Amino acid sequence: RLESVDEFYETAVAVAREAGATIRAAFDKNKSVMLKSASTDLVTETDQKVEAFIINSFKDKFPSHKFIGEESVAAGIQCELTDDPTWIIDPLDGTTNFVHRFPFVAVSIALVIDKAPVIGIVYNCILDEMYTAVRGRGAFKNGVQITTSQQTAVNTALIGTEFGSNRKDEVLATILENMRSLAGEPNAAHSIRCLGSAALNLCAVASGAMDAYFEFGIHVWDIAAGILILQEANGVVRNPDGTELDIMARRILGACTPQLADEITSRIKNIVTPRD
Ligand code: IPD
């Protein structure tokens, strides 16, 4: 049987919607919160339940495909990206937001073939905003095509970044130094935003709500879908040092224009992280 990109896309949208409904139903309820690598790295039963649902749904339809899922990796399954069709899943990006009922919570699903994203779905299930992209066909929010803003300089930009989950003193020092370098004089950015979801930060840049976003320490499941959505919205995606993006390297810089990306690169310092 010949599988098509349209079938992958339609399945992914339907699965994201159903996963989102489960998250939405749990959003206002009490949650039992468990810790992963640190007290700043949270997981709930909903993350685990929704990941199992998503993976089982794709396994039924596409039995030869592979999977990388945040909670499966946390449970000890190896995180290995080959050239085979691989679904990369963050069932609940923005777990800290979910725990605190801050309404930036997303289901992130990407299909990667030959190590490049072909389908990207990011669904903010609380605000009911569905971001979608198929390679070569543009990016959409609730079915309406989106493109990035055209800002070319930090001093006219709204920039997203995050505190991340690694708050070791030397790491936090660089995170704050990078924010200071962009938010401070000379050439201060309009402001800095932390949405609490890497996937939604990338979608905010894709739709022109922010002009750029960078972070060190994210994982491939946080960004795989958002990368394609931003690229298809005419944005640029790179390693923060300006080199070609390596999606397993746990760092990202996305921007509306190459000029803005260049200036951010020149104003921030690198944080060393192990690879996925
Ligand atoms: C987190 C979010 C957050 C980022 C963290 C991620 P999770 O993902 O994307 O914005 O700062 O680095 O771990 O754990 O909520 O899926």
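The following legends describe close-up views of a predicted model.

**View 1. The two domains of the protein.** The protein is divided into domain 1, residues 5–145, and domain 2, residues 154–267. The centres of domain 1 and domain 2, taken over C-alpha atoms, are separated by 21 Å.

**View 2. The side of domain 1 that touches domain 2.** Here 34 residues of domain 1 are in contact with 24 residues of domain 2. Among the elements that give two or more residues to this side of domain 1 are strand 4 (86–93), helix 4 (95–100), strand 5 (106–113) and strand 6 (116–124). The residues on this side of domain 1 comprise 18 nonpolar, 10 polar and six charged.

View 3. The five strands follow the order 11-10-12-14-13, with mixed pairing. Strand 11 (191–193) and strand 13 (236–238) stand at the edges and have a single partner strand each, so one side of each is left without a neighbour in the sheet. From one strand to the next, the twist averages 20°.

View 4. Strand 10 (residues 158–160) pairs with strand 12 (residues 212–216) in the parallel sense over two bridges. In this pair, G160 stands opposite Y213 of strand 12. Helix 8 (residues 258–267) packs on the sheet and touches strand 12, strand 13 and strand 14 (251–255). The direction of helix 8 makes about 140° with that of strand 14.

Conventions: Residues are numbered from 1 along each chain as its sequence is written. This is a predicted model: local features need pLDDT of at least 70, side-chain atom pairs count only at pLDDT 80 or more; totals for chains, interfaces and linings use all residues. Domain bounds come from an automatic or database domain assignment. Two residues are in contact if their C-beta atoms, placed from the backbone, lie within 7 Å. Helices (H or I, at least four residues) and strands (E, at least two) are DSSP runs, numbered from the N terminus. Ala, Val, Leu, Ile, Met, Phe, Trp, Tyr, Cys and Pro count as nonpolar, Asp, Glu, Lys and Arg as charged, and the others, Gly among them, as polar. Two strands pair if DSSP finds at least two bridges between them. Axes are lines fitted to C-alpha atoms, for helices over the stretch in contact, and angles run from 0 to 180 degrees between N-to-C directions.
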